[in-house]
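Dear colleague,

I am handing over the structure below, and after it come the notes I made while going through it. Please read them with the model open beside you.

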Amino acid sequence: MTPEKHISVWNNCLNFIGQNIDPRQFNLWFKPIKPVSLVESTLTVEVPSEFFREYVEGAYLDILKASLKKELGVGAKLVYVVTPVQKQQSLVYPASHGNVPVNKTVAVETYGKAGNPGPFVFPGIQRVRIESHLNPVYCFENLIVGECNKMGFTAAESISMSPGKTAFNPLFLFGGPGLGKTHLAQAIGVEIKKKYPELVVLYVPANRFKTQYMDAVHVKNKLTDFLAFYMKIDVLIMDDIQDLIGQGTQNAFFNIFNHLHQSGKQLIFTSDRPPVDLESFEERLLSRLKWGLSVELQKPDFATRLEMLKARAFREGVSLKDEVLHFLATRIKSNFRELEGALISLIANATLAHKEITVELAEKITEKIVGEQQNDVTIDKVQKVVCDYFNITRDDLLSKTRKRQIVQARQIAMYMARTLLNCSLSTIGAEIGGKDHATVLHACTTVNDLMTTDKTFKQYVTDIEKMLVPVRR
């Protein structure tokens, strides 16, 4: 019986590929691929996972093109589908190469042929179609919700339904690295583009905004066009706003903020610290950042980490044993990014070495990535080490006593929490004696000053840091 056309074509491609690459690599990367259909010159094949697809395309794209061209001609195309591990209606993920949302055409004023109308506009063009710069993978469907981000998610959903019309304007998301600030912020933009395609949504990191502003001030008429461009945005998402330093940049942003907010446009910001800790910001700008809702994203708990691992494994088309998932969720506690990185490294190592994914392999891989991170430094750990070093009790440290030794110990504890953990001033103050953010800021400044003038005090800080740092590696 003659095999179906798509099977025959793919078998011929395999014969060609097998003659041109190492047999072991051929068995590892091409044997698992199954032909699905052939429509005109488009061949569809099934691969085990999204990671598998990315690797094959990255390593063997040229030979794939050559084999398909040989069989189907110059117009040959290859389409991938990922093998489903299990049917879970609640977990539906778009492909990572999905279409990026595109905004509507907007008018931007220009000033003569020599003018350059703005950061995303070409000279002489008065109506342009701009990209949102959103990543479609950062959508609500791919977001794992837990106690760590529940409040932010609830606010994000409300905003996506009525952008600019809720009390959450601006929305200010803050927290440590890898806690999902960018994902949550972009998810709002992606959802708004689905519901309101006519709205202009723009995601921009603060550093890029700053660079665009600096370019604009050095070109005649470009600053006016720069401001005009941003004032036409309906939903502005600015990432890492703590990087928005410089008086001129902040002044331009202040004017844009005022115009958009007064026009009922939605503003969303992310930062690694709360508004009160943005020390280099003008007071008038800080007051506006505090107008809406500020939400702190916390470290994920075990249940949320476990759910995130299950979801990402499903998205990669990989089935993992419960004991492996539980090990990873227990081992890595700091943030989503490192948890996701460990999972991808584990899948990659197992795939490349053709090994089964086991707890033993997971332990080996995570040891290289996070080392002893399972014993993360916390504010409690900092307080314990400081108390042991100065031979005082925790009650002494948290008391209101003004004894010099206790005050210095308390200030060092605050300093360590700030420098090693990057905690917000308000969080440190609440954990260490119920102090306000101004007291914590004063403590950090005092420790910095004393370290430059008092060798004995500097030795205290160095000793305590050495006791803490090895735990973090």
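I begin with Gly 178, which, leaving aside its neighbours within four places in sequence, is in contact with Asn 335, Phe 336 and Arg 337, where contact means heavy atoms within 4.5 Å. Gly 178 lies in the loop between strand S6 (171–174) and helix H5 (181–195), with helices (H or I, at least four residues) and strands (E, at least two) taken as DSSP runs numbered from the N terminus. With a relative accessible area of 6%, Gly 178 is buried; here buried means under 20% relative accessible area, exposed over 50% and partly exposed in between, using a 1.4 Å probe and protein chains only. Gly 178 is also 9.7 Å from Glu 340, C-alpha to C-alpha, although the two are 162 residues apart in sequence.

As to provenance, this is a predicted model, in which local features need pLDDT of at least 70 and side-chain atom pairs count only at pLDDT 80 or more, whereas totals for chains, interfaces and linings use all residues. Residues are numbered from 1 along each chain as its sequence is written, and side-chain values use heavy atoms, with hydrogens and water left out.

For the chain as a whole, the secondary structure comes to 19 helices and ten strands, and 46% of the 473 residues are buried. Among contacts between residues at least 6 apart in sequence, 74% join residues at least 24 apart.

Two other single residues may be of use to you. Thr 44 is found in strand S2 (residues 42–47) and is buried, with a relative accessible area of 14%; leaving aside its neighbours within four places in sequence, Thr 44 is in contact with Lys 34, Pro 35, Val 36, Ser 37, Val 79 and Val 81. Gly 18, which lies in helix H1 (residues 5–18), is partly exposed at a relative accessible area of 32%, and its C-alpha atom is separated by 8.8 Å from that of Phe 30, twelve residues apart along the chain.

Turning to the helices, H6 (residues 206–217) has twelve residues and reaches 17 Å from its first C-alpha to its last, close to the 16 Å expected at 1.5 Å a residue, the expected span being 1.5 Å times one less than the number of residues. Its buried residues are Ala 206, Phe 209, Lys 210, Gln 212, Tyr 213 and Ala 216. Seen down the axis of H6, these fall within an arc of 160 degrees, so they line one face of the helix, the arc being that of the directions from the helix axis to the C-beta atoms. They pack against strand S7 (201–205), helix H7 (222–230), strand S8 (235–239) and helix H8 (247–262).

Finally, there are two helix pairs. Helix H11 (residues 322–331) and helix H12 (residues 336–353) pack at an angle of about 140 degrees, with their axes 10 Å apart; axes are lines fitted to C-alpha atoms, for helices over the stretch in contact, and angles run from 0 to 180 degrees between N-to-C directions. That makes H11 oblique to H12, since angles under 35 degrees count as roughly parallel, over 145 as roughly antiparallel, 65 to 115 as roughly perpendicular and the rest as oblique. The contact is made by Val 324, Leu 328 and Ala 329 of H11 and Leu 339, Leu 343 and Leu 346 of H12.

Helix H16 (residues 404–421) and helix H18 (residues 437–453) pack at about 100 degrees, with their axes 8 Å apart, and are therefore roughly perpendicular to each other.
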